[in-house]
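Have a look at the chain first, then try each task before reading its solution.

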Amino acid sequence: MEDHLTVGRVAELADVSVRTLHHYDEISLVKPSARTATGYRAYSAADVERLREVLGYRRLGFGLREIATLVDDPATDAVAHLRRLRGLLREQRDRTAAMVAAIDKELESRVMGVRTAPEDQLKIFGAQLYESIGSAYPATRRTEPRIAARIWEALGDARTVLNVGAGTGSYEPTDRKVTAVEPSAIMRAQRPAEAAPCVAASAEQLPFPDRSFDAAMAVSTVHHWPDPLAGLREMRRVARRVVVFTYDAGTTGWLERFWLTRDYLPEFAGLLADWPSLADMACAIEGHAEPVLIPWDCADGFFEAHWRRPEAYLDEHVRRAVSVWTRVGPQAEQRAVDGLRDDLSSGRWADRNRDLIALDTAELGLRLLVA
Ligand SMILES: C[S@@+](CC[C@H](N)C(=O)[O-])C[C@H]1O[C@@H](n2cnc3c(N)ncnc32)[C@H](O)[C@@H]1O
């Protein structure tokens, strides 16, 4: 017991209240492994290490449920957590420094009698989607091995691979020389330390000469690009082979087939209006499309992944890692979630979707474009 710290001492050292530590214990986020003879909570070195991770993510603004998923992930050890925290903190520091510089500039301009334009005032918050949702991403987004196998097979014998819109690198093959491209600093900061080198750039302007890579890949990213067709043409320019995992937005029949968009979130159709058709995307890379069926237990938590596990969509951190929910807005999201919750408890969802239970895979409009 001598090597344990009492709850009061831990609270003092970490500058948090004893009440906070009791709460973390009650919700099983950090459970002290022992009690003193007088019944006080006592923390071992391992408990303290876990608490440090929890407090680190908390400082960065993560919610307690998200943090629980992060610290319970068996694939992330203490060193990986430290590396990730370090990356995120450096990112936060850089953003703070950039905001201070922008504010100084505006103060100076005001002294000179110059007013800053409204657009420039907002620029200091860098309000891009992935800068705001990126920190929730690793909680549920990871490699789905069956989809990874399809992508890697399509890469053929490519030795050098460019991964565009790479995010945290979920689908990067480890047996080839990969270069990643990712415009969001938050996403770059969350790449594991051993991940491939990552360049800060956008698909539409790849900073590489023609034919620099054997292959270029892009996974679940094309619909985030301001100009998808220009980005795809860039991939074609810099690589001999192109592999893209994406969604068929032209054939809206999928909206009717997927119960989530059909019965709860018809607003998804509105997002598709701006997306290029599959035919135009295939044309941009001079390739063809192959269907990708989604397994019922898909490990990567993208929008369609939980088609046979409807309860998952009630979980806030499942939704926060998928941009669709942020894009449709909080009202549509709340209505969809409330409706689904009611239908699950009344048995209406099960009545309507009886056929799904017998399926192991579903065709929901996901496609692999290969050139
Ligand atoms: C849903 S994530 C997918 C990440 C990764 N490919 C994966 O499968 O896990 C979409 C990614 O596209 C990136 N992105 C957004 N706009 C982009 C652009 N114009 N060029 C390249 N990537 C972009 C986002 O920052 C984000 O990391």
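**Exercise 1. Find the domains and the annotated region.**

Start with the division of the chain: domain 1 covers 5-59, domain 2 covers 78-135 and domain 3 covers 137-370. These bounds come from an automatic or database domain assignment. Before going on, note that this is a predicted model, in which local features need pLDDT of at least 70 and side-chain atom pairs count only at pLDDT 80 or more, while totals for chains, interfaces and linings use all residues. Residues are numbered from 1 along each chain as its sequence is written.

Next, step from domain 1 to domain 3: their centres, taken over C-alpha atoms, are 39 Å apart.

Finally, turn to the record. An unreviewed UniProt entry carries the annotation "domain: HTH merR-type" for residues 4-73; such positions are given in the numbering used here, feature names are shortened, and annotations may be inferred rather than shown by experiment. Over residues 4-73 the chain is 59% helix and 10% strand, with 25 Å between the end C-alpha atoms. Helices (H or I, at least four residues) and strands (E, at least two) are DSSP runs, numbered from the N terminus.

**Exercise 2. Work out the order of the three-stranded sheet.**

The order in this open sheet is β1-β3-β2, with antiparallel pairing. Two strands pair if DSSP finds at least two bridges between them. At the edges lie β1 (5-6) and β2 (34-35), each pairing on one side only. Now look at β2 and β3 (residues 41-43): two bridges join them, and Arg35 stands opposite Arg41 in β3.

**Exercise 3. Trace the seven-stranded sheet.**

Follow the order β6-β5-β4-β7-β8-β12-β9 in this open sheet of mixed pairing. The edge strands are β6 (198-199) and β9 (288-291).

Take the parallel pairs next. β5 (residues 177-181) pairs with β4 over five bridges, where Thr160 has Lys177 as its bridge partner. β5 also pairs with β6 over two bridges, and Val181 stands opposite Val199 there.

For an antiparallel pair, go to β8 (residues 239-247) and β12 (residues 366-370), joined by five bridges. Tyr247 stands opposite Leu366 in β12.

Helix α10 (residues 228-238) lies across β4 (160-164), β7 and β8, at about 150° to β8. Contact means C-beta atoms, placed from the backbone, within 7 Å; axes are lines fitted to C-alpha atoms, for helices over the stretch in contact, and angles run from 0 to 180 degrees between N-to-C directions.

**Exercise 4. Describe the shell around the ligand.**

Begin with the count: 23 residues surround the ligand, the closest being Gly165, Gly167, Ser184, Ala203 and Thr221. A residue is near a molecule if its C-beta atom, placed from the backbone, lies within 6 Å of it.

Then sort the shell: 10 residues are nonpolar, 10 polar and three charged. Here Ala, Val, Leu, Ile, Met, Phe, Trp, Tyr, Cys and Pro count as nonpolar, Asp, Glu, Lys and Arg as charged, and the others, Gly among them, as polar.

Methods:
Two residues are in contact if their C-beta atoms, placed from the backbone, lie within 7 Å.
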